[in-house]
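Thank you all for coming.

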Amino acid sequence: MRGLIIDTETTGLSHNYNQVLTVGMLLAEIDTSLDFINSKHIRIKHKKYNVSGLALKINKINLKEHIK
């Protein structure tokens, strides 16, 4: 069976205030083991960022590098 695993990284915990920075997707064959088929990592840019320093530390995202 194939499965799609999705992970997001955000600028904080508030769904009203903070934004999604990245979306990661991993397509895998899921049986008795996990065999990776394909993956995609998407960076999302915003005009303005509402950032929690703790969120960036936990996510290990350098915002200056992210914006490039």
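This is a predicted model: local features need pLDDT of at least 70, side-chain atom pairs count only at pLDDT 80 or more; totals for chains, interfaces and linings use all residues.

Residues are numbered from 1 along each chain as its sequence is written, and side-chain values use heavy atoms, with hydrogens and water left out.

With that settled, the protein chain contains 2 helices and 3 strands, and along the sequence these follow the pattern β-β-β-α-α. The 3 strands form an open sheet in the order 1-2-3, with antiparallel pairing. Strand 1 (2-10) and strand 3 (34-43) stand at the edges with a single partner strand each, and therefore one side of each is left without a neighbour in the sheet. From one strand to the next, the twist averages 15 degrees, where axes are lines fitted to C-alpha atoms (for helices over the stretch in contact) and angles run from 0 to 180 degrees between N-to-C directions.

Let me stay with strand 2, residues 20-30, which pairs with strand 3 in the antiparallel sense over 9 bridges.

How well covered is strand 3, then, if we count its buried residues? I will call a residue buried under 20% relative accessible area, exposed over 50%, and partly exposed in between, using a 1.4 Å probe and protein chains only. By that scale strand 3 is hardly covered, since the count of buried residues among its 10 residues is 0. In strand 2, by contrast, we can look at T22, which is buried, with a relative accessible area of 6%. Taking contact to mean heavy atoms within 4.5 Å, and not counting residues up to four places away in sequence, T22 touches D7, T8, E9, H41, I42, R43, I61 and H66.

Turning to the chain as a whole, buried residues make up 26% of its 68 residues. The radius of gyration, taken over C-alpha atoms, is 15 Å, whereas a compact globule of 68 residues would have a value near 11 Å; the globule rule here is 2.2 Å times the number of residues to the power 0.38. The C-alpha trace spans about 40 × 25 × 20 Å along its principal axes. Of the contacts between residues at least 6 apart in sequence, 37% join residues at least 24 apart.

Next, the charged pairs. If a salt bridge is a side-chain nitrogen of Lys or Arg within 4 Å of a carboxyl oxygen of Asp or Glu, the count comes to 2 salt bridges. One of them links E29 with R2, with the closest N and O atoms 3.5 Å apart. Because E29 lies in strand 2 and R2 in strand 1, this pair ties together parts that are 27 residues apart in sequence. E29 is partly exposed at 23% relative accessible area, while R2 is exposed at 55%. In the other salt bridge the side chains of E65 and K68 meet at 3.3 Å, N to O; here E65 is partly exposed, with a relative accessible area of 41%, and K68 counts as exposed at 72%.

Finally, two loop residues. K47 is found in the loop between strand 3 and helix 1 (53-59), and is exposed, with a relative accessible area of 90%. K47 and I67 are 20 residues apart in sequence, and their C-alpha atoms are 9.8 Å apart in space.

K60, however, has a positive value, near 55 degrees. K60 sits in the loop between helix 1 and helix 2 (63-67), and with a relative accessible area of 74% K60 is exposed.

Terms used:
Two strands pair if DSSP finds at least two bridges between them. Helices (H or I, at least four residues) and strands (E, at least two) are DSSP runs, numbered from the N terminus.
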